[in-house]
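Please consult the sequence and the coordinates alongside the text.

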Amino acid sequence: MKTKIFHLAVMLAIIAGTNIVFAGQNDVYIIQVADAISPGTADFIKSGIKTAEENGAACVIIELDTPGGLAESMRLIVQNILASKVPVVVFVYPGGARAASAGVMITMAADVAAMAPGTNIGAAHPVGAGGQEIDKTMSEKVINDMVAQAKSVAEKRDRNATWVEDAIRESVSVTETEALKENIIDLVATDTDDLIKQLNGREIKDRGILKLDDVKKVTIKETLRTKILKTISNPNIAYILMMIGLAGLYFEFSHPGAIFPGVIGAIALILAFFAMQTLPVNYAGILLIVLAIIFFIMEMKITSYGLLSVAGVVSLLLGSLMLFKGNAPEMKLSLQVVLPTIILISGFFVAVAGLVFRAQISKPTTGSAGLVGKIGVVKKALTPEGKVFVHGELWNARAKDPIDKDAKVRVVQVVDLILEVESAERDAIG
């Protein structure tokens, strides 16, 4: 009966347009981000918000301290915040922290934006990978795209869209006091407990009123998966891991039994694919890199006078440049990484192919084939079969003509573990 009454009250509140109180389990989930914005960070925040939704949390607080990061990852975080079923609060914390570059957009997307004393927000002008400047045409496209998104998010949250545009175009940055005055944020709080007190009873647009009496704080910890992903999700690192993996497996297949290169290669390749699941991968680039490996393998089997190696290097270069799609500068591989990697990997493949080719054309020195041409001594007269001591071992042997004991013989061939020999003393007499 009580349940029916509760459901009826909720329906009436919706119809009447009155505020709904978020009670849930009265838990506040805290996600601590003190790092650059990367695919690993985006995955961590996404999973944290999902956990809070599944457990019926009252709200999520993202404690943010970031110098910025990848625009694609920032967009994913913004999308998850805007789509969250529970209110999301972004708190630039602790003192001395900042929400720079991509952090500005994440803060703007929050239902409630807050900062601690001694923090700052701004400087959102986009730069390329490694902090390099983007060329003028690309820079204009990227800036206009970011401004459009930033203004849209700011207007949705009733925040200062003009300042956001200035932060992107002019790299302006403000303190927490200035941010509160300019309607960039909603609150200034000394710490998380103070923030929760100020949030308690606060009305949130399109969501209702937060009820945070006797709240329980739940801090979401990074999993091992998130830690690994944050480490390797840089496009340049993922690319290097893939190259190491391919080189290791190539060496193992061309020299079976080496084991160590194959193990390292397999681990590196798995880590590379794990990282690429969060990156905008262009499969044409992967196919070109695989084609390059095929060309290098064919070089060992076919006499191409180096043409297949050249084709492999060209395919490897084109595949590397095309590996990640999108115009975002941070998704482009650095030429300072690509060129040395291609030179090293191509040199490795060509060197291994050369070793294999020389091994194929060189005369065997071990096994049955290695006995051909060796000189031995007859231990039991060959009439026509007997025994011969050659290469430190006693072998069954036969000859076309009888040969006496202690005579020297030369191995002609090995058939079913029986040596076919001829007299070696004829050459000396002749």
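Across which strands does helix α2 lie, and at about what angle does it run to β2? In this predicted model, helix α2 (residues 39-54) lies across β2, β3, β4 and β12. Its direction is at about 175° to that of β2.

These strands belong to an open sheet of six strands in the order β9-β6-β4-β3-β2-β12, with parallel pairing. Because β9 and β12 stand at the edges, each with a single partner strand, one side of each is left without a neighbour in the sheet. Strand β6 is joined to β9 by two bridges, and the two run parallel. Met-115 has Val-188 in β9 as its bridge partner. In general, strands of a sheet pair through backbone hydrogen bonds, either parallel or antiparallel.

| Strand | Residues |
|---|---|
| β2 | 27-33 |
| β3 | 59-64 |
| β4 | 88-92 |
| β6 | 112-115 |
| β9 | 187-188 |
| β12 | 216-220 |

Gly-103 is located in helix α4, which spans residues 102-109. Gly-103 counts as buried because its relative accessibility is 0%, the cut-off being under 20%. Not counting residues up to four places away in sequence, Gly-103 touches Leu-64, Thr-66 and Gly-68. The C-alpha atoms of Gly-103 and Gly-68 are 5.5 Å apart, although 35 residues separate the two in sequence.

Turning to the whole chain, there are 15 helices and 17 strands. Of the 430 residues, 44% are buried. The accessible surface comes to about 22200 Å², and carbon and sulfur atoms account for 60% of that area. Among contacts between residues at least 6 apart in sequence, 65% join residues at least 24 apart.

Notes: Residues numbered from 1 in each chain as written. Predicted model: local features only at pLDDT ≥ 70, side-chain atom pairs only at ≥ 80, totals over all residues. Heavy atoms only, no water. Helix = DSSP H or I, 4+ residues; strand = E, 2+ residues; numbered from the N terminus. Buried < 20%, exposed > 50% of the residue type's maximum accessible area, 1.4 Å probe, protein only. Contact = heavy atoms within 4.5 Å. Pairing = 2+ DSSP bridges. Axes fitted to C-alpha atoms, helices over the stretch in contact; angles between N-to-C directions. Areas by Shrake-Rupley, 256 points an atom, 1.4 Å probe, with all protein chains shown as cover.
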